[in-house]
Amino acid sequence: MNVPETPSATSVESPVGIQTTDAPSPPLELPIASEAPEPHSPSAPVPAETNPTLTAEQRDMETRSVYRDRSAVRLLLMVGVAFVTLFLFLRTFAVEPFGVPTGSMAPSLIGNHREGPCPRCGYPVRVGFPSAGGNVADQFGHIGCPNCGKRFSLIEARDLSGDRLLVDKNVFNIRRPRRWEMAVFRCPDTDPKEFGKPYVKRVIGLPGETIRLIDGDVYANDQLVRKELAEVRESRVLVYDMAFAPSPGGWNARWLVEPSENDPRLPQTSSHPLMEADSSVVHGGVLTLDASDPAHPSAGVRYRHWNLDERKEETIRAWNSYDGVPRSFNQLPPVHDFSLAYEIEVVSAAGEAVFACDLSDGADTVQAEIAIGSRANGLVTLTQLGQGGLGSIRGVCLEPHKTYHLEFAFVDRRVSLAIDGKLVLPSTDLPPVVSRSEVRSPVQMRARGCLLVIRNFTLYRDIYYTQFGEHGTQHPAILGPSEFFVLGDNSGNSQDSRKWPTPGVPEVDFIGKPFLIHQPLRPARVTIGGQERVFQTLDWSRLRWLH
């Protein structure tokens, strides 16, 4: 199924020039007597010019009305012609729509697929068609929810078309393609079936660089290549969306509660086992950290990647649910780069209240600590636990009775924190490491002296570039002065620079940059005459601009 090209992309049509001229209107001709209606025809209209009952002013008004009608028709025709001309011009020279039939860029771009809600948590699951020679019944008969892990079938689901993109065909005439952005280009594969077809991939390597893929990350000229937060948002893959709570059971098993300091309910020993969260902490898709009671001044939780069916913790791996269920999850590589996004409401706070969030990549743990209260006492600190501070800024805080959107990322060994979409501190880079352990519990959150409510909590992983192919994997990919290295987001199911006879895509073969997913589709249902009908309609939740 690793066919990333877009063979169904529409071809470019030549513009059709349509000329219109506004000739002066002919003078009004008076009717001759023989053209007037016969007196014995009561249904025939009497022209204004010969109707003796009309005054001169009334005849003038009727004449103007006739010309107004003609002008309106002419104006409508002119607008229609102008619209068609502009459409053809834009399609040919500026913007062109392309279709995405395959899943090499999933989940960023979805190819032809089937979709259905998970029967346990309701999350919309999208699965692509099998590659050539694959069995449709095997592909759709046993799929998995990427959120809660539930296995179910999409055999009876309707086939849906892939995403439609609008592509700017002029941008690469002004500048070169940039790293991490999507691009449409002509496939350089020497296979006659693929050569020259429009493909869409993500630009990874730039001209003159030597590219290596190591532990899922990209190295250019032996330097780890890192993403800005905006680029992290574009390429992230869902691991967990708390808003889609499974029923029955909920998410309580995926959250462990840390004992509160000086909690009289616990034995006074040096360490206490973590407890599974109850309904006072996790209720549906909402997480509550209540540290407002002076008797229990702190509250903390830890996320664990818990298999709801087998009742055990699991390593987070590079699984893309779009490809269906793998034969063995344990053969998938473990992932290490994570990011978070969630809404946090400060219900109440007292004294020196604070909120802290930890992220681990299997080698290091980084912490973002945010003061809660007034801006005058505001302080945000980034720390590498066990090593020291990474940066701090004063005058920033979370104020009581307000809700904020927080983003925290530890991707490509780069630490980024944003509040309401804006970076709080410049991103901080940690040096690369040789090895990292498998990650099962990447997130911890703590509150002190406050009551916090967290909603829409989502955990993402970064793209993990696999070792398929030979260029950049078995040996370095060396790019020429006008060549680019491109990869699909669905790394395990993509024909790209790793596998082509020559890894570089020449700059002259780039067509343009996608800037809008303008026609994502989803299934819809309507009942007519007691019968349910399923059809495909626009998925407004996935209609978006591309970075």
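How many bridges join strand 11 and strand 12, and in which sense do the two strands pair? The views below start there. This is a predicted model, in which local features need pLDDT of at least 70, side-chain atom pairs count only at pLDDT 80 or more, and totals for chains, interfaces and linings use all residues. Residues are numbered from 1 along each chain as its sequence is written, and side-chain values use heavy atoms, with hydrogens and water left out.

View 1. Strand 11 (residues 217-220) meets strand 12 in the antiparallel sense over 2 bridges; two strands pair if DSSP finds at least two bridges between them. Strands (E, at least two residues) and helices (H or I, at least four residues) are DSSP runs, numbered from the N terminus. Look for Ala220, whose bridge partner in strand 12 is Gln223.

**View 2. The hairpin of strand 34 and strand 35.** Here strand 34 (residues 521-528) and strand 35 (residues 531-538) pair in the antiparallel sense over 8 bridges. Ala524 has Phe535 of strand 35 as its bridge partner. The hairpin has 2 residues between its strands, and Gly529 in the turn has a positive phi of about 60°.

**View 3. The largest pocket, with about 1,500 Å³ of space.** On a 1 Å grid over the protein atoms alone, a pocket is an open set of points with protein on both sides within 12 Å along at least five of seven lines, a cavity is a set where a 1.4 Å probe fits but cannot get out, and lining residues have an atom within 4 Å of a point. Grid points are joined across faces, edges and corners, and a volume is the space filled by probe spheres set on the points. Of the 49 lining residues, Tyr123, Pro146, Val237, Leu238 and Val239 lie nearest the centre of the largest pocket. Strand 13 gives the largest share of this lining, 4 residues.

**View 4. The largest cavity, with about 70 Å³ of space.** The structure holds 5 cavities of 30 Å³ or more. Residues lining the largest cavity include Asp215, His336, Arg436 and Tyr464.
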